[in-house]
Amino acid sequence: MPIFRSIVFSAALAGLIVGAIISVAQFFGTVPLIQKSEVYERKAEAPKPPAAHEHAGAAHDHDAGHSHDSAWEPEDGFQRNAFTVGANILTAIGFALLLTGIYAIRGRPVTWREGLLWGLGGFVVFTAAPGLGLPPELPGMPVAELAARQTWWIATAAATAIGLCLLAFRPAAWAAVLGLGLIALPHLVGAPLAPESHSEVPAALSHHFIAVVTLTSLLFWALLGVSTSIAYGRISRP
Amino acid sequence: MQQSQTAHLPAVATGSSAVVQAVMAMALGLFIVGAVGFSHISAVHNAAHDVRHANAFPCH
């Protein structure tokens, strides 16, 4: 399977490079904001003094409900950062496999500028569209149920991808109408809403986080589009 | 170089076998992203925690 091998090799190479670069960007951009927010998250989770509210036993039940209190988690510092780099590289390889698979299906050489455009398509599908309904969230923000948000996120990405492909590759008028409809549909349905509750996380911090995540993601997809197109062009050349 | 890229190349490169291989690679990619970003296993969630937040994957 020479084509499968070319795709995997070039995606692994591009993912390794982009994952490493984006990790550096995150250590300066998003990670400090996440850590700042976790201070508020812990403050909100800490058992309240008995004078403030009800009996002390209620705080224990509250802790048990959180998924990340009892299970294993990496230690802060080197271990946590190493897992972040690893997860970034794996994510980049996964998305690189998608892009490179598309290049293989296209079946003709893809220039770096075309690769950049495919990468920007990935930004719209996987960051911009889901982010409209479910903006990037800091730890400690009130959120709707996880499974519902994941379902909406995946459905939105899928509908946006199909919609964009219809707009780009089907010249007929019906395709333009259907494509625009598919892109709009998830937002007409609406993302799962977070319950109304007060968050300890300052609004300025979460707005800053949204901007930093979106910019980092734009860099990620631009780099991934360019690097996959160059890598696949070199590796698949007979 | 430029001339060899014209009409004949696409027909050769996008045979059904090429499409099958490309789709397999894309499925592998979706599986990897799903495991890193969407798995409900607590240990996986905690390991990739900062990346999930930084990629705006739904978290917690």
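1. Helix α1 (residues 2-28) of chain A and helix α2 (residues 16-38) of chain B have axes that come within 8 Å and cross at roughly 35 degrees. Helices here are DSSP runs of H or I with at least four residues, strands are runs of E with at least two, and both are numbered from the N terminus. An axis is a line fitted to C-alpha atoms, for helices over the stretch in contact, and angles run from 0 to 180 degrees between N-to-C directions.

2. The model is predicted: local features need pLDDT of at least 70, side-chain atom pairs count only at pLDDT 80 or more, and totals for chains, interfaces and linings use all residues. Residues are numbered from 1 along each chain as its sequence is written, while chains are lettered from A and ligands numbered from 1 in the order in which they are written.

3. Which residues of α1(A) and α2(B) meet? On α1(A) they are Ile3(A), Phe4(A), Ile7(A) and Val8(A), and on α2(B) they are Ala18(B), Gln21(B), Ala22(B), Met24(B) and Ala25(B). Two residues are in contact if their C-beta atoms, placed from the backbone, lie within 7 Å. By class, this contact of α1(A) with α2(B) has 8 nonpolar, 1 polar and no charged residues (nonpolar: Ala, Val, Leu, Ile, Met, Phe, Trp, Tyr, Cys and Pro; charged: Asp, Glu, Lys and Arg; polar: the others, Gly among them).

4. Chain B has 4 helices and 0 strands, in the order α-α-α-α from the N terminus. Of its 60 residues, 38% are buried (20 or more other C-beta atoms within 10 Å of the residue's own C-beta, placed from the backbone).

5. Between the chains, 36 residues of chain B are in contact with 49 residues of chain A. On chain B, the elements giving two or more residues to this side are α1 (8-13), α2, α3 (42-47) and α4 (49-54). The largest share, 16 residues, comes from α2(B). By class, the side of chain B that touches chain A has 24 nonpolar, 11 polar and 1 charged residues.

6. Within chain A, helix α5 (residues 78-106) and helix α9 (residues 203-235) pack at an angle of about 55 degrees, with their axes 10 Å apart. That angle makes α5(A) oblique to α9(A) (oblique covers what is left after under 35 degrees, roughly parallel, over 145, roughly antiparallel, and 65 to 115, roughly perpendicular). The crossing of α5(A) and α9(A) is right-handed.

Conventions
Left-handed = near helix turned anticlockwise from the far one by under 90°. Buried ≥ 20, exposed ≤ 12 C-beta atoms within 10 Å, placed from the backbone.
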